[in-house]
2 protein chains.
Amino acid sequence: MESKTTPQVVVVGAGFGGLQAARRLARYPVRVTLIDRKNHHTFQPLLYQVATAGLSPGEIAAPIRWIVRGRRNVEVLLGEVQDFDLQRRVVKLPDLEIPYDYLIVAAGASHAYFGHDEWEAFAPGLKTIEDALEIRRRVLLAFELAERQAASGEGQMPLNFVVVGGGPTGVELAGTLAEIARRVLADEFVSIDPKATRITLLEGGPRLLPTYPEDLSRSAEEQLRRLGVEVHTSTMVTGVEPAAVWMGQTRMPAAVTLWAAGVAASPLGKKLGAPTDRAGRVLVAPDLSLPGHPEIFVIGDLASLQDEHGKMLPGVAPVALQEGAATARNIGRDLRGEARQPFHYFDKGSLATIGRAAAVAQFGKLHISGFIAWLSWLFIHIFFLIGFRNRIIVLLQWAWSYFTYERGARLITGDVRLPGWEELQRAETASSEERRRA
Amino acid sequence: MESKTTPQVVVVGAGFGGLQAARRLARYPVRVTLIDRKNHHTFQPLLYQVATAGLSPGEIAAPIRWIVRGRRNVEVLLGEVQDFDLQRRVVKLPDLEIPYDYLIVAAGASHAYFGHDEWEAFAPGLKTIEDALEIRRRVLLAFELAERQAASGEGQMPLNFVVVGGGPTGVELAGTLAEIARRVLADEFVSIDPKATRITLLEGGPRLLPTYPEDLSRSAEEQLRRLGVEVHTSTMVTGVEPAAVWMGQTRMPAAVTLWAAGVAASPLGKKLGAPTDRAGRVLVAPDLSLPGHPEIFVIGDLASLQDEHGKMLPGVAPVALQEGAATARNIGRDLRGEARQPFHYFDKGSLATIGRAAAVAQFGKLHISGFIAWLSWLFIHIFFLIGFRNRIIVLLQWAWSYFTYERGARLITGDVRLPGWEELQRAETASSEERRRA
């Protein structure tokens, strides 16, 4: 990697991994080009709060340019990388090619529907700000449409919300939805009773939060039940349609279905030509480089790497952050002619929140639940949130909604129709006529 | 209006007028149904702040249900009123009819394109949260696309922003855009210089802020010029296309065009069958009722009424608020068998902001400009903003961006293409080739 000119590092993706790599690389004698499809970095751990109207998009996202401002050797480009030419060492955008000396691919992952992409229209997932706004729209709209139907004298329709997937995102969504129905909206409707809402969490495996210790899975399930969530484990979803979810022969009606189940790595992983695992993640060398291409690194959710115990590193923010920093250090070692170091993940613990003052946490051998876990979750997340102003405002919002049970961002923007609502109405009218005849 | 059952008042529209009427009516022995197309009330005077990324949508909008919570005789319905049947006294929604004893129509106004609705796609107006997000998307995207083009070695494209209409909204948009280009974004781009942005404000009449005293119009123009805005008065726009605005035979290229010119009353006004003025506003009786229909009131931007000096009441929030309250009082008088009172507008003054610490204000004979006017504007607007939490957060955002020149809500959501961008690029490439040949 010898060159008389300043080496050019191209970073694809400004999630936790890519952004961390770019910020650390700014200290080295390199030029960095950071490319992302969005103009903002999204703090994904709090995305469920936007989906459930607790926070506004602007509070958990920050312009990438603003984050790296003042670093004169870092350039930010808005654009979608479509391919790479590893021979010519260029990154390909639709209207532009960018040459690199080093390439860091941190394109992340998206939700996957087990080969049933047609389910997405009826069961949105939660990876971007746009996803979060779509979920918020559907959830709030379901209550409004139920109220309008009840006001026209047709009685209260049963409102079912179904969350598919019992990982951290599914647990967070189900818990927060229960709170909204039972506390936030309880007194604001005249014709319907939001407390009559049913929230169901479906998990294919035997327990919630499968990557957590078993006692914390049990605790999470218990805390969810206390909030009024129906939890079904070992329950595989086999079909999703406009107003219902199928589990084998069982059909569960659902006003709104949310998808928090599968994850698939970015299709950019496959374009690198190296072996990938089942989820499309690139099998990287111990220094996170692409086998046979020391000038290319793959980090974050797109990388597949095992720790020293043979356990796959999980797709969480701390792994991506540490990988970004480690990659910057290895490029620095290259520039100084030193040997690279393999990546080691330092696991500081795991945290998942369930609702107001409810959470589970693991710090090494320490397993905690409830209020203390929730407080730890709160402060760790606010600490890592980018932007000082955002931190103050989010803390203020949190304090406010903790004491008042209010959620300030309850706006329905966009279309005021809900896919499948007519089907639900027809089914309900039919079944209430049946009841009348019986 | 005698009836043994509780009278039913239907309010159409939850803007300033409708919301105020509903809140005041809650004190009387009536049942109120408040219908709006959105689930939220929008604080329109601060909408330009969302369009220019200073505030998030959730900070200037609040759920209508939340605003009227605790008033058990007020019911809120999300829905679009399509027509009225004045004979049968029902309000018609697509799937539902709602009977009324009293009807208050407060459906407001939207932007108008002088009969050229096809211009809207290239020059969005600013009336809803969705409009504001679309403007924000286009403004931020223009800088990003210019940076990407410059990064590909094609040089900096001239970035023109054109604002059509020199009323308060146009003045606010132009002033804030100038600040963004010159202060907020100045240091965040590497390949382009945001300070080279041109902002042009076009007004058809002889002066800006035509409803304000002449000295304040001059002051506003002066303050805008100091911010770097090019102001053209007596300039009529005769055509809008994807990347340009026509004024007679003159064509002005524009990366983004914003529309702050015409206003048209809601089409619901015409459905009431009464005479309307040129802008579609209903000519109401002195008590704001529909001539010949004492049970129907029309208030806010949809009503056309002159004050005692023969001057049209302007379409601003204070007029709508006072009309809503006056209508509730007149319905109360009806219920007690008292005579109605005609509406009198109490003009407390006018305020328009231009930028950071720049504004003009008129309080009776007192005309002020600059920092003091801006402070008055700030505190009056924050005082009237609905929701205590919102007020704190907006004040905090303001203080923060005042001292740091940061704008926290700079997210591009949705499509990352800009209508007309390719045309602009082609034109620029052609003209730079021309220059090269010359």
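Hi everyone, let's start where the two copies meet: 100% of the interface residues of chain A are also interface residues in chain B, so the copies meet through the same surface. Contact here means heavy atoms within 4.5 Å.

A quick word on the source. This is a predicted model, where local features need pLDDT of at least 70 and side-chain atom pairs count only at pLDDT 80 or more, while totals for chains, interfaces and linings use all residues. Residues are numbered from 1 along each chain as its sequence is written, chains are lettered from A and ligands numbered from 1 in the order in which they are written, and side-chain values use heavy atoms, with hydrogens and water left out.

How are the chains arranged?

Now the contact itself. Chain A brings 52 residues and chain B brings 52 residues. Together the chains bury about 4900 Å², 59% of it on carbon and sulfur atoms; buried area is the accessible area, with a 1.4 Å probe, that two parts lose on being put together, summed over both. Arg65(A), Arg148(A) and Arg389(A) supply 15% of the area that chain A buries against chain B, more than any other three residues.

Which charged side chains pair up? Side chains of opposite charge can pair when their charged atoms come close. The rule for a salt bridge is a side-chain nitrogen of Lys or Arg within 4 Å of a carboxyl oxygen of Asp or Glu, and it finds four across this interface. In one of them, Arg65(B) joins Glu144(A), with the closest N and O atoms 2.8 Å apart. Over all chains, the structure holds 39 salt bridges. Among them is the one between Glu144(B) and Arg65(A), at 2.8 Å from N to O. That pair crosses between chains, from helix α5 (residues 129-154) of chain B to helix α4 of chain A. Helices here are DSSP runs (H or I, at least four residues) and strands are runs of E (at least two), numbered from the N terminus.

That's my tour of the interface.
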